[in-house]
Amino acid sequence: MAVNHLDDVEMRSRIVEFSKFADLGIEDIEKSDNHILSRHLQYDTNGAEKGETSFPFLSMESEGTIKYFSMVYIVI
């Protein structure tokens with residue numbers, strides 16, 4: 001699973017770029033205290049970027065995104 005490779009800076013960068021290519025809306029993925037956090041951009045009602053937010057990956061991402069993430073390391 002890709003999570004096992006997030007400590008490797010180069011591999012993490014490749015995983016994030018591959019996730020951006022798939023248009024998952026994920027700007028970054030990181031480990032914090034053995035938890036995976038995904039970072040997303042936030043937009044206002046006019047569609048202008050207004051900031052970023054992070055949340056627990058496994059509890060807040062869709063099942064499809066989690067499955068994609070579990071296979072991305074194999075593809076890379």
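## The hairpin

In the hairpin formed by β1 and β2, which leaves 2 residues between the strands, Asp-33 takes a positive phi near 50°. Strands here are DSSP runs (E, at least two residues) and helices are likewise DSSP runs (H or I, at least four), numbered from the N terminus. β1 (residues 28–32) and β2 (residues 35–43) pair in the antiparallel sense over 5 bridges, where pairing requires that DSSP finds at least two bridges between two strands. Lys-31 has Ile-36 of β2 as its bridge partner.

## Basis of the model

This is a predicted model, in which local features need pLDDT of at least 70 and side-chain atom pairs count only at pLDDT 80 or more, while totals for chains, interfaces and linings use all residues. Residues are numbered from 1 along each chain as its sequence is written, and side-chain values use heavy atoms, with hydrogens and water left out.

## Packing of α1 and α3

The axes of α1 and α3, as lines fitted to C-alpha atoms over the stretch in contact, come within 10 Å and cross at roughly 120°. Contact (heavy atoms within 4.5 Å) is made by Met-11, Ile-15, Phe-18 and Ser-19 of α1 with Tyr-68, Phe-69, Val-72, Tyr-73 and Val-75 of α3.

Technical notes: Axes are lines fitted to C-alpha atoms, for helices over the stretch in contact, and angles run from 0 to 180 degrees between N-to-C directions.
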